[in-house]
Amino acid sequence: MTITPPPPAARLGGDSVAPIESGDDEFSDDWTRKSSSGMNSLGFEMSGVGSSVNVDDEFDHDVDFASLRSGKEDNASKVKVSGNDVKQTAKPLKEKTSKAERRAIQEAQRAAKAAKKADSSVEAAGVTGKLAKVNKLALQKKNAAFVPSSVGVSEMRGGDRPSEKEKKKGNPTPSMQYDDKSKVDKAKNRSLVKHAEANNRVDLFGHLPQYKYKNELSDIESRFFEFNQVHPAVFKVGLQHLSGNITGSNARCIAMLYAFKEAIEDYHTPPHKFLIRDLTAKISSYISYLNECRPLSMSMGNAIRCLKTHISKLPTSVTEWEAKNYLSSEIDSYITEKIVIANKVIVNHAATKIRDGDVILTYSCSSVVEMVLVYAHELGKKFRVIIIDSRPKLEGQGLLRRLVTKGLRCTYTHINGVSYIMHEVTRVFLGAAAIFSNGAVYSRIGTACVAMIAHSFRVPVLVCCEAYKFHERVQLDSICVNELGDPDAISKVPGRRGVNYLDNWMSKENLQLLNILYDVTPSDYISMIITDYGMVPPTSVPVIVREYRKEHLF
């Protein structure tokens, strides 16, 4: 492209309108327009006249443009664009292919990729021995220090992020559906405790295990020497869970951890086996036995997950004595920090919510609620306690006996009279077996009824629960996940032996008894949750679950 500059006398931007001169008559006045400044311009963009133009090879003719001028036609500046001077920079168009041709090209690319992958696998097989030695040396160097490092998920970057397998390891395992006969038969063959299934089962809860509890305890005790793979301490705790001598989430979890501690102290690594793998397998067998005696609680599941995490992070270079001492100390610290100290923190927070003249209502028996009431009484606060109880366990009677012994004023009634006494109540304190990530409270059957009635009377409901009972699961009802107790327990009335109308209820096919142990209280009926992390609303439960997992699992 060659541009002829205008002569000095040419003037642009004047008031007069300059016509367009061209060597041909191809361009008429319709090609021009008047701009806002009064200057004529072409009907297309002229800002790129001085830049290179990309055209096809067929553009070989010359065009002369007359630039704008003011005044005389002699001062016109001419622009000459020649097709021979234009740089040939345009790329040729891609040839169109049919669908069959594209498919053939894809198949050829796949075959080439598979052949390349096979060649690379053959080459990698030749250096497997060298890589194994290098990895072993690197692992020994990495595990030189005994204390395992814990890295939070938020601190991981790039290649340090946990793999999909590690992520699935922290997820809760789905519970077995007991209405699937094939899975139930396989579980029976593997189980150590032989349960007798109940005949009259409620169809709605057919996916939950329902057993006969009459002769199970004596049968297990008679087969003590057959449980050679179960440690005696774990065996004893399983019998206590089955018989009901140990109840409550905290008591069951503490008993289990102390049994595991004793089993770890007596453990010896077999020859030609690794401590981490063999000890993990031993703990898994103990857990299976405890779960067969009675389904594990949410708190026990969280404690087991924390213990297995500590075992998996043991360095390979550590000795057996050091590993056993380390795990024993971790179990002691878990019980101290997550249960004992957590209860003290909850008691201090909850005592501030009790004022003189209050009427406190509680349901059944919760160890942490009992400590809150006793501590507030020791501070000199004047209040009255109403204990709501229900059959068949009547756990509130033990709480009533202990509180009266400490000097507290108490009132005792059953759950069928809670609506008649709720108008006197100013606060409701409840315990919990677990709290789900959606803020729902999983607790003793009847807790949801008490919370809903208190909500209808506009009475605040405060739930006292340790953070180690929080679970990432979301549960909306009491049907999917629950525990069924002995149906014979509700067929008898305590203190009235003459009432024996349901003694032979199992022989009647049309009669079914259902003894549910837990229910789920929606978060809408909970005013506040008091934990060792502070007093939070139910909507803040996911934050505590996230911080707890970051602290103990990574």
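Exposed here means over 50% relative accessible area, and buried means under 20%; the legends below apply these cut-offs to a predicted model.

**View 1. His272, an exposed residue with positive phi in the loop between H7 and H8.** With a relative accessibility of 84%, His272 counts as exposed. The residue is placed in the loop that runs between H7 and H8, and its phi is near 65 degrees, a positive value in a residue other than glycine.

View 2. At 14% relative accessibility, Leu394 counts as buried.

**View 3. Helix H12 (396-406) and its buried face.** Gly396, Gly398, Leu399 and Leu403 are the buried residues of H12; seen down the helix axis, they fall within an arc of 155 degrees and so line one face of the helix. Arg401 and Thr405, on the other side of H12, are exposed. The elements that cover the buried residues of H12 include S8, H11, S9 and strand S10 (409-414). After H12 comes Gly407, whose phi is positive, near 100 degrees.

**View 4. Helix H11 (residues 367-378) and the elements that cover it.** The twelve residues of H11, at 1.5 Å a residue, should span 16 Å, and the C-alpha atoms at its ends are 17 Å apart, which agrees. Val368, Val369, Glu370, Val372, Leu373, Val374 and Ala376 are buried in this helix. Their cover includes helix H10 (320-351) and helix H12 (396-406), together with strands S8 (359-363), S9 (384-389), S11 (427-431) and S14 (461-464). H11 is followed by Gly380, and the phi of this glycine is positive, near 95 degrees.

**View 5. The largest nonpolar core, with the surroundings of Val234.** This core has 42 residues, and those with the most contacts inside it are Val234, Met256, Leu257, Phe260, Leu279, Ile283 and Tyr289. At least two residues of the core are supplied by each of helix H6 (232-243), helix H7 (249-265), helix H8 (275-293), helix H9 (298-312) and H10. When residues up to four places away in sequence are not counted, Val234 touches Ala259, Phe260, Ala263, Tyr286, Tyr289 and Leu290. A second, separate core has 30 residues, including Leu430, Val450, Val459 and Val461. In soluble globular proteins, nonpolar side chains tend to be buried together.

**View 6. The open sheet of four strands, with the pairing of S12 and S15.** The strands of this open sheet follow the order S15-S12-S13-S16, and their pairing is mixed. Strand S15 (470-471) and strand S16 (518-521) stand at the edges, where each has a single partner strand, so one side of each is left without a neighbour in the sheet. Between S15 and strand S12 (residues 434-436) the pairing is in the parallel sense and extends over two bridges. Phe436 stands opposite His471, a residue of S15.

Methods: Residues numbered from 1 in each chain as written. Predicted model: local features only at pLDDT ≥ 70, side-chain atom pairs only at ≥ 80, totals over all residues. Heavy atoms only, no water. Expected span 1.5 Å × (residues − 1). Buried < 20%, exposed > 50% of the residue type's maximum accessible area, 1.4 Å probe, protein only. Contact = heavy atoms within 4.5 Å. Core = buried A, V, L, I, M, F, W, Y, C linked by side-chain atoms within 4.5 Å. Pairing = 2+ DSSP bridges. Arc of directions from axis to C-beta.
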